[in-house]
Amino acid sequence: MRRIGALVPLLVAALVAPAPATAGGADPRVCAHPPRTANRHATAEAVRVHAYLWSLTCGSRHGVLSGQNVGHGSQALDPDGWFGYPRLVERLATETGERIAVVGLDYEHDQVFTPSQLAAGNRVLAEHERRGGLVQVTWSPLSPWLNDERDIAGHPGQWTDTRTDAGQLAGVDDLRDLLDPTTPAGEVWRRKLSRVADALTTLRDAGVVVLWRPMQEMNGFWFWWGSTVHGDDASPYVDIWRHMYRYLTQVRRLDNLLWVYSPASTQLVYAGRPVPGIKPAAWAYPGAEVVDVVAGTAYHDDLAITDYPALLRLPEVVGAGEYSAGLLGAHDRAGDLDTTLYATRLRDDYPAVAYWVSWHDYPWSATESAWLSLAGNRRAGDLLANPYVINAG
């Protein structure tokens, strides 16, 4: 186990040392130049965090940052359920003496959260950052064709409003409608972006650097922003990403964001069977000028990152944005994964991965749960004590 201390003295060498050609198992394009953020106006602390992550990917430092997602919105406060910082991070810190380095939170997915609910989640993230940790914010937006967000408290929506498998795309012909403010969907999209930007502004003003991970798993077919509407054409997603980048960076001046492109595993296994029809990892990659980190998702019982070679071919810092045992696999319903496998797998097979974020627990049904978190499985204390694992400090 190691700890993230004050980043400034740790990063001087990373900023000035010559980059190794193929360090950390990474592709030369990642490491052949000094670290640089996509946003020229990124805050000094965002630049330092990015340089630190680059040093882990490129091998000038050795190790991986531990990580845990704590749910969605105000679920970060949940003390006893499937989600929540109190159970998934704080209790584990009390039991093991080690605090997980990267804490993740989704700003949406389960419902549209009110500004006050997002503020509650932000307070958890800001406090974690003050304790020497890092923050990843995922954004899984509910479809703007299904919820106009004029009454969030009364009609918050539900997680199925992100999906495509039960008629949720009825009437959706062109995702680029989001970019046209004269369309109903475009009007909702601007309202949605403004609300999310307000929440991110609170973190910026608190000095919190955010690994900003919007609209993940775009190469899959299960989210409305994925491949279902436009088939092989990824350009609508790229256009939406670039519009969002311009708005959040140039209009709202959110220079604390590090932009994370997060594709789904092309060899995803669900209930023991391969999931067909997933596009390649780089299918909707929007370009190095608007991306800082490539952090895919991987759910496998043996913690395989099957797209690791493809991720290395993109010229970015490498992470694992969602990383846990297989869904409906050998471990998730029992919570019996030996979590020390995270350290050995990442050290031996995926050394360019700078950080990972284990997913949270959640209910499969009225009688079964998916135990995907570190706290919900075995030997988390031994994992966090491993010398290769870097924790908050």
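User: Where is L328 found, and what makes it partly exposed?

Analyst: L328 sits in the loop between β11 (317–324) and α9 (340–349), where helices (H or I, at least four residues) and strands (E, at least two) are DSSP runs numbered from the N terminus. Buried means under 20% relative accessible area, exposed means over 50%, and partly exposed is in between (1.4 Å probe, protein chains only). The relative accessible area of L328 is 22%, so L328 is partly exposed. Its phi is near 55°, a positive value in a residue other than glycine.

This is a predicted model, in which local features need pLDDT of at least 70 and side-chain atom pairs count only at pLDDT 80 or more, while totals for chains, interfaces and linings use all residues. Residues are numbered from 1 along each chain as its sequence is written, and side-chain values use heavy atoms, with hydrogens and water left out.

User: Why is R253 called partly exposed?

Analyst: The relative accessibility of R253 is 32%, and R253 therefore counts as partly exposed. R253 lies in the loop between α7 (235–251) and β7 (257–261), and its phi is near 55°, a positive value in a residue other than glycine.

User: How do you know that C31 and C58 form a disulfide, and why is it called left-handed?

Analyst: A disulfide is taken to be a pair of cysteine sulfur atoms within 2.5 Å, and the sulfur atoms of C31 and C58 are 2.2 Å apart, forming a disulfide. The torsion about their S-S bond is about -90°, so the disulfide is left-handed. The pair links distant parts of the chain, 27 residues apart, with C31 in helix α2 (residues 28–31) and C58 in the loop between α3 (44–57) and β2 (64–65). C31 is buried because its relative accessible area is 0%, and C58 counts as buried because its relative accessibility is 0%.

User: What makes α5 and α6 roughly parallel?

Analyst: The axes of helix α5 (residues 115–130) and helix α6 (residues 184–205) come within 10 Å and cross at roughly 30°; axes are lines fitted to C-alpha atoms, for helices over the stretch in contact, and angles run from 0 to 180 degrees between N-to-C directions. Angles under 35 degrees count as roughly parallel, over 145 as roughly antiparallel, 65 to 115 as roughly perpendicular and the rest as oblique. The helices α5 and α6 are therefore roughly parallel to each other.

User: Which residues of α5 and α6 meet?

Analyst: With contact meaning heavy atoms within 4.5 Å, L118, N122 and L125 in α5 meet R195, A199, T202 and L203 in α6.
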